[in-house]
Number of protein chains: 2
Amino acid sequence: MATLKVPAQIPSPEDDAEQLGKAFQGWGTDEGLIVKILSHRNSAQRELIRAAYASAHGEDLLTSLDKELSSDFERIVMLWTLGPAERDALLAHEATKKKVTSPNNFILMEIACTRSPLELFKTKQAYQARYKRSIEEDVAYHTSGDFRRLLVPLVSTFRYVGDDVNTTLAKTEAKILHEKIADKAYGDEELIRILTTRSKTQLNATLNHYNNEYGNSITKDLKTDPDNEYLKLLRSTIKCFIFPEKYFEKVLRLAINKMGTDEWALTRVVTTRAEVDLQRIADEYQRRNSVPLDIAVSKDTSGDYKDMLLALLGREE
Amino acid sequence: MATLKVPAQIPSPEDDAEQLGKAFQGWGTDEGLIVKILSHRNSAQRELIRAAYASAHGEDLLTSLDKELSSDFERIVMLWTLGPAERDALLAHEATKKKVTSPNNFILMEIACTRSPLELFKTKQAYQARYKRSIEEDVAYHTSGDFRRLLVPLVSTFRYVGDDVNTTLAKTEAKILHEKIADKAYGDEELIRILTTRSKTQLNATLNHYNNEYGNSITKDLKTDPDNEYLKLLRSTIKCFIFPEKYFEKVLRLAINKMGTDEWALTRVVTTRAEVDLQRIADEYQRRNSVPLDIAVSKDTSGDYKDMLLALLGREE
């Protein structure tokens, strides 16, 4: 369930593009108008607005936004204006370009595991069109050790989508997972093979069998060392497959509860999920924190950035 | 350069389908008519014929061919009639299903390395539609050791296609390859990363630099142990990237020169390359064996199977 709200009647892309042009004109920028238009258009509509803007102004809308806006507000408007594949390509590229630190590995995993296989494929095409390299080679080049062994196949595999479950296989592979984890062989080839190649439906059956047969959920068994970053990534990977709303709830919780909000994480989750499942994530958030997500966000942010976040969260103005 | 010859004027798909129906009727099958029609239609045309046949006869053309034909002739007509993605999916599935022996690993590598990234992606989709699993999970499940470490990323990566070459990177990675090979670390992670993720253009630059800087071609340096099956696969992988016609020439040479022709290899190469580069492969064959490919084939085969091979090789009747 998305939180994005598109009015029943919207202006033509040409009219929207013209209004955006006006928002940039003269002394100062009309941020309110930018929020009002862009936060209430879906990705197909935003694409048409970009095309109309480019042909009317001879400049990509993103270039104009980049010139006119700044800081957190700029980033949220830019990320939101991009289509899902281009946005994910940009996020993945940022994550491979920086010296690899933990959040970047999580972003790559998040893109690989919470998007559909076809969405991930479109992101690969957008990545190649923009950066003239493949996402696979960049992830492989910028990672090492267990992180590489997990992340490269996660971003590479074109997973099967379907309801078919092979119960015998689920039992065999649950047993393999249990043995490897009991031996603390967390980077084991077989464990990684199962997590990185099986369909989500098949994996779910395997992990349910694990839970039933061995008495603990696999994520609990992977919690032997709370400071181990690789184990954290492994647990998050499994959460993204089985219960992505819970994974995103936690990202938001940590972003908001921090001393000093983590705007990059907040912006990433809101822009990538507003058209997908942000309502479910907000429901999880309220269940876990006893406060509605929009209230928590509005307490922690301010100005145009806050207005854009709340608009994308679907809060009525 | 393809060897397939399509007449300037061809009947409608409906007429072709009707003729094929007649070839199956009565006492015995008219194999000559089947060869005459199917071997002179390209994959788009064959797809239309299959559709017309299904709507006229209420049965898939492949089912009828399966009922009417047998042995090597059946296999070549069936494989040829399939479109490229379906055919590759079938070949890959056969290769993962059998107990893994050397030819199967080579077939998987061949499909992963000699098709374009987009063709490989379409094969993945066809594989999933037909077998309800991903090619990645089947390859990962049915292989092990160094073979798995090489083959899984080969079939998984969506490689970048383009002319961009990063010369600095080519030098660094040539050095890495040389060090690993000098240490006989043929299954090393970095060596595999470079071969399985870089674009063919970039790899070509890296391998040229290797040759210039270290005095030998990489395939020569990988020839330390002629009986090592993994090294053979590694050399063939590189050949498929750099000079696929040479790779296929050798497959044909070995298939034909064997005591008892290897019909499966011969059929595979002819059906998969007739619409792509079989003319170039035939040129390589003649250069290397001093006899034209069609002559060699006609000496080594017989009957309808031979007729179909020669028709696909573009030899005038």
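## Loop residues with positive phi

In this predicted model, K184(A) is placed in the loop between α11 (167-182) and α12 (189-197) of chain A, where helices (H or I, at least four residues) and strands (E, at least two) are DSSP runs, numbered from the N terminus. The phi angle of K184(A) is near 55 degrees, a positive value in a residue other than glycine. K184(A) counts as exposed, with 54% relative accessibility; by the convention used here, buried means under 20% relative accessible area, exposed means over 50%, and partly exposed lies in between (1.4 Å probe, protein chains only).

S290(A), found in the loop between α18 (278-289) and α19 (293-300) of chain A, also has a positive phi, of about 55 degrees, although it is not a glycine. With a relative accessibility of 67%, S290(A) counts as exposed.

## Basis of the description

Residues are numbered from 1 along each chain as its sequence is written, and chains are lettered from A and ligands numbered from 1 in the order in which they are written. Local features need pLDDT of at least 70 and side-chain atom pairs count only at pLDDT 80 or more, while totals for chains, interfaces and linings use all residues, and side-chain values use heavy atoms, with hydrogens and water left out.

## Domains and annotated positions

The domain assignment divides chain A into domain 1 (13-69), domain 2 (84-156), domain 3 (167-242) and domain 4 (244-312), the bounds coming from an automatic or database domain assignment. Between the C-alpha centres of domain 1 of chain A and domain 2 of chain A there are 29 Å.

An unreviewed UniProt entry places the feature "binding site" at F24(A), G26(A), G28(A), E68(A), I256(A), K258(A), G260(A), D300(A) and T301(A). These positions are spread over 278 residues of sequence and are also spread in space, with up to 38.1 Å between C-alpha atoms. UniProt positions are given in the numbering used here, with feature names shortened, and such annotations may be inferred rather than shown by experiment. Among them, G26(A) lies in the loop between α1 (13-24) and α2 (31-38) of chain A and is exposed, with a relative accessible area of 68%. G260(A), in turn, is in the loop between α16 (244-257) and α17 (263-273) of chain A, and at 52% relative accessibility G260(A) counts as exposed.

## Aromatic rings and charges over them

Over all chains, a search of the whole structure finds 13 aromatic pairs; rings of Phe, Tyr and Trp (its six-membered ring) pair if their centres lie within 6.5 Å, and planes under 30 degrees apart count as stacked, over 60 as edge-to-face and the rest as tilted. The rings of Y210(B) and Y214(B) have centres 5.5 Å apart and planes at 65 degrees, so this pair is edge-to-face. Y210(B) and Y214(B) are four residues apart in helix α13 (residues 200-214) of chain B, and are therefore separated by about one helical turn. Y210(B) is buried, with a relative accessible area of 0%, whereas Y214(B) is partly exposed, at 26%. Elsewhere, F121(A), F158(A), F121(B) and F158(B) form one aromatic cluster.

## Salt bridges

The search of the whole structure also finds 52 salt bridges over all chains, a salt bridge being a side-chain nitrogen of Lys or Arg within 4 Å of a carboxyl oxygen of Asp or Glu. One of them links the side chains of E190(B) and R148(A), at 2.5 Å from N to O. Because E190(B) lies in helix α12 (residues 189-197) of chain B and R148(A) in helix α10 (residues 145-156) of chain A, the pair joins two chains. R148(A) is buried, with a relative accessible area of 10%.

Within chain B, K180(B) forms a salt bridge with D188(B), the closest N and O atoms being 3.5 Å apart, and K180(B) counts as partly exposed at 22% relative accessibility. A further salt bridge brings together the side chains of R253(B) and E249(B) (3.0 Å, N to O). These residues are four apart in helix α16 (residues 244-257) of chain B, and so are separated by about one helical turn; both R253(B) and E249(B) are buried. Salt bridges that share partners also join E137(A), D146(A), R148(A), R149(A), E173(B), E189(B), E190(B), R193(B) and R198(B) into one network.
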